Amino acid sequence: MLTTLKRIVQEVNQVLVFDEALSLLALRLKEATKVDCCSIYLANYEQQCFQLKATEGLSKSAIDNISIGFSEGLIGLIGQREEPINIDDASKHPRFKHYPDVKEEQYHGFLGTPIIHQRKVLGVITLQQKVRRLFSEDEEAFLVTLAAQIALEVVHAQARGAMDNNSNLHRGTWQSTLRGVPGSEGISIGTGYIANRKSTLASQPLMKSDDPEGQCSLYREAVLQTRAEVQDMSERLALTLPEDVRAIFDMYQHLLDANSLGREVEQKIHDGWNAVSALKLVVEQYVKTFRDMDDHYMRERAVDVEDLGNKVLAQMLESQIAEERLPERTILIAEEISASMLAEYPPQALVGIVSMRGSHNSHAAIMARAMGLPAVMGLTDVPVSMLGGKHLILNGYSGEIIVSPDANILQEYKLLADEEVELFRHLQKMADLPCVTKDGQEVKLLINAGMSMELENSQSDIDDGVGLYRTEVPFMLGERFPSEKEQIELYRSMLRFNPDKKITMRTLDVGGDKPLPYFPIHEENPFLGWRGIRLTLDHPEIFLVQVRAMLKASLGLSNLKIMLPMISSINEVEEAFRLIRQAFYEVSEESKLSGETLHMPQLGVMLEVPAILYQLPQLAAKVDFFSVGSNDLTQYLLAVDRNNSRVSALYDSYHPAVLLALKGIIEQSNALNKPVTLCGELAGEPAGALLLVAMGYRSLSMNSHSLLKIKWVVRSMDSGEIQLFLRDILSMTHPQDVRDALNMKMETLGLGGLVRAGR
Ligand code: PEP
Ligand code: MG
């Protein structure tokens with residue numbers, strides 16, 4: 001069963017035109033299950049009905065012409081119940097509805113199952129049999145499995161279809177909305193640009209063109225250049241490669257002949273495809289044909305055809321890329337945005353970021369917030385290639401992207417963007433005011449540095465120092481571990497810039513969603529794996545170089561604090577502090593001659609692994625300070641991967657359990673007389689900061705773009721008066737109740753502008 005299923009899904013996936021893929025699916029399914037009829041219906045939510053899209057057994061003329069209301073007939077029932085229905089005689093079922101056009105009178109046995117993606121019913125697949133019979137358990141299981149497997153394909157194809165319509169000028173603009181996960185707040189309007197687009201046919205979108213002559217000459221030119229390239233390669237390798245291997249070049253030349261690939265590609269261009277799409281369609285068909293051959297040697301040739309196709313593509317793209325410049329108001333799009341990718345683009349050229357993978361508290365999103373760029377993450381339902389060159393509105397509050405917006409929507413969003421500018425102006429008034437509550441409680445606001453790859457110093461005159469410097473980011477930008485000297489320079493510029501302010505440097509926290517390109521780690525569960533302190537304790541040479549560099553950079557200064565990430569047990573602290581003391585001893589010996597004093601930095605740990613919350617007294621005896629990493633604490637308390645958009649709705653720092661943990665930490669830290677800062681993203685969220693200050697936190701560290709908003713929150717609240725509200729919040733059961741209550745509270749405190757911004 002598994003083999004059949006795999007074969008069908010693979011075969012259907014290779015058909016690029018969606019309607020054709022559905023027809024093939026119906027055919028293969030009918031053959032594999034040996035039934036008399038197989039049909040596929042897709043949901044149309046605008047019209048609240050299922051439409052017949054493919055059938056083998058019903059009347060083909062009913063395709064696209066028959067609509068079954070969501071509450072009608074057996075198809076509607078399957079959608080409503082969200083489960084399979086298996087009956088021996090459909091026509092006897094009370095919900096059976098007769099549609100004369102489909103001509104199904106001859107069928108009795110009926111099995112139907114819904115196609116569901118992320119709780120949404122996308123369609124229904126049915127099998128029908130002339131005889132009266134119940135389908136077997138195996139048949140039912142097979143259909144359910146197949147439906148689950150093709151659900152994502154349906155979603156992709158629908159998104160593709162909606163956007164393909166956009167390019168069809170005859171239909172006017174055709175706006176579509178895609179839903180992802182909010183990554184970084186803000187609205188941006190701009191043009192999609194795909195970062196580091198790989199030149200493979202697989203990554204190219206299918207696009208039409210109404211200039212067949214132009215596209216044919218683009219293709220022919222690319223073929224000429226590929227011929228020359230192949231010829232050149234064949235001559236260069238003539239002496240080193242055996243003859244049978246060199247034969248491959250002859251095959252390439254043969255395939256490039258006008259009578260071979262060329263004829264078919266040009267035919268597709270005349271059918272309306274652009275040159276790249278035509279090449280893609282033809283090459284993928286050839287690859288499939290070769291892959292299906294019985295002869296092993298011929299099957300292997302599939303790779304050669306693919307390779308040749310990519311060579312021709314590279315030639316075509318080269319001429320396009322040479323002219324390609326970043327569009328004005330670029331919205332950068334990538335499968336997964338990384339620090340090194342962002343470093344390639346001038347920050348002022350970007351107005352927004354879309355990362356197809358990742359979620360709200362992925363480091364890519366944190367990076368976007370640090371740069372003050374709106375971002376949407378986790379757009380798993382669309383292929384990345386579909387967004388390039390499109391006019392987009394990116395809504396970083398809701399996680400939506402509107403593709404090819406119409407004039408009304410554009411106007412609406414321009415107003416929202418203006419409101420943001422107004423809010424920004426209002427916030428500027430806070431710049432010189434102290435960060436105290438109405439009843440005079442001082443709250444220290446520190447900044448999280450490292451993520452924006454600059455020193456975030458432009459705002460340093462209004463902050464209380466750096467609460468978290470993520471040192472791993474510069475490590476991620478290089479091609480090897482930075483040397484001790486390089487690190488000294490980097491850390492010194494940080495410490496010297498503001499010698500009166502404390503700079504908390506976190507030792508390397510790689511792993512999880514922060515890979516080093518030159519030190520790949522392949523793990524099943526990277527967030528539960530070799531990450532942070534676990535990795536650096538296993539590599540003391542890396543840890544020691546980093547700590548020595550920090551200490552050397554601090555010579556003559558006394559503002560360095562060092563903090564350890566991912567601590568889950570006391571012996572990790574003991575071991576790390578032993579190494580830090582060793583480095584301290586070495587550096588002080590080496591620096592005796594220079595006459596500069598070396599101060600022992602304050603040493604602290606991040607509280608981000610739940611286990612350590614149960615050992616705070618023992619931990620407090622060893623360290624100078626705590627820093628709460630609410631991003632990871634939320635992930636580990638709720639067992640929700642912070643980088644997985646599929647479970648993003650479950651990742652919630654306002655979950656009552658997380659709030660109780662945070663309350664417990666501040667109470668215990670106060671009782672133990674241990675200073676504590678909270679440096680997770682919650683500190684930079686207005687509602688989060690309100691709660692944290694109410695709980696008793698007096699030191700919050702955040703990205704510099706959040707500072708003024710949070711100062712406004714602090715200045716609007718009374719720490720005594722808010723206690724009753726906090727008690728209510730902590731007794732709530734559902735995260736959504738917490739959010740609603742917080743939003744209402746913010747309104748009553750006059751902070752409605754921030755609630756609107758956070759919507
Ligand atoms: C955290 O986990 O809350 C934190 C601040 O560290 P990071 O986001 O870098 O894991
Ligand atoms: Mg963390």
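Visitor: How many residues of helix H11 are buried?
Guide: Eight of the eight residues in helix H11 (residues 363–370) are buried, so this helix is mostly covered. Here buried means under 20% relative accessible area, exposed means over 50%, and partly exposed is in between, using a 1.4 Å probe and protein chains only. Helices (H or I, at least four residues) and strands (E, at least two) are DSSP runs, numbered from the N terminus.

Visitor: What do the buried residues of H11 pack against?
Guide: They pack against several elements, including strand E8 (181–184), helix H10 (339–343), strand E16 (466–470) and H19, where contact means heavy atoms within 4.5 Å. After H11 comes Gly-372, whose phi is positive, near 70°.

Visitor: Before I go on, where do these values come from?
Guide: This is a predicted model, in which local features need pLDDT of at least 70 and side-chain atom pairs count only at pLDDT 80 or more, while totals for chains, interfaces and linings use all residues. Residues are numbered from 1 along each chain as its sequence is written, chains are lettered from A and ligands numbered from 1 in the order in which they are written, and side-chain values use heavy atoms, with hydrogens and water left out.

Visitor: OK, which domains is the protein chain divided into?
Guide: The chain is divided into domain 1 (2–169), domain 2 (175–195 + 337–422), domain 3 (201–323) and domain 4 (431–732), with bounds that come from an automatic or database domain assignment. Between the C-alpha centres of domain 2 and domain 3 there are 35 Å.

Visitor: And how many residues are in the largest nonpolar core?
Guide: The largest nonpolar core has 134 residues, and those with the most contacts inside it are Leu-607, Leu-662, Tyr-697 and Leu-700. A nonpolar core is a set of buried Ala, Val, Leu, Ile, Met, Phe, Trp, Tyr and Cys residues joined through side-chain atoms within 4.5 Å. Because domain 2 (175–195 + 337–422) and domain 4 (431–732) both give residues to this core, it lies between them. Apart from it lies another core, of 35 residues, among them Leu-206, Cys-216, Val-230 and Leu-279.

Visitor: What does Tyr-697 touch, then?
Guide: Not counting residues up to four places away in sequence, Tyr-697 touches Val-628, Leu-662, Ile-665, Ile-666, Val-676, Leu-678 and Leu-692.

Visitor: Changing topic: which protein donors does the magnesium ion have?
Guide: The magnesium ion (ligand 2) has Glu-608 (OE) and Asp-632 (OD) as its protein donors, lying 2.0 to 2.1 Å from it. Glu-608 lies in the loop between strand E19 (602–607) and helix H18 (616–620), and Asp-632 in helix H19 (residues 630–638), so the pair ties together parts that are 24 residues apart in sequence. Donors are N, O and S atoms within 2.8 Å of the metal (3.2 Å for Na, K and Ca), and because water is not among the atoms, sites may look incomplete.

Visitor: Is Glu-608 buried or exposed?
Guide: Glu-608 counts as buried, because its relative accessibility is 2%, and Asp-632 also counts as buried, at 3%.

Visitor: Which residues come nearest to ligand 1?
Guide: Of the 17 residues around ligand 1, the nearest are His-363, Arg-470, Arg-506, Asn-631 and Arg-642, where a residue is near a molecule or strand if one of its heavy atoms lies within 4 Å of it. A polar side-chain atom of Glu-608 lies 2.9 Å from an oxygen atom of ligand 1, and a polar backbone atom of Asn-631 is 2.8 Å from an oxygen atom of this ligand.

Visitor: Where is Thr-507 placed?
Guide: Thr-507 is in the loop between strand E17 (503–506) and helix H15 (533–538), and it counts as buried because its relative accessibility is 0%. Leaving aside neighbours within four places in sequence, Thr-507 is in contact with residues including Thr-471, Glu-472, Phe-543 and Pro-565.

Visitor: Last one: what is the phi of Lys-34?
Guide: Lys-34 has a positive phi of about 55° although it is not a glycine. Lys-34 sits in the loop between helix H2 (18–33) and strand E1 (37–44), and it is exposed, with a relative accessible area of 67%. Met-566 also has a positive phi, near 65°, but Met-566 is buried, with a relative accessible area of 1%.

Methods. A polar contact is a pair of N or O atoms within 3.5 Å; within protein, one must be able to donate a hydrogen and the other to accept it, and residues adjacent in sequence count only if both atoms are side-chain atoms.
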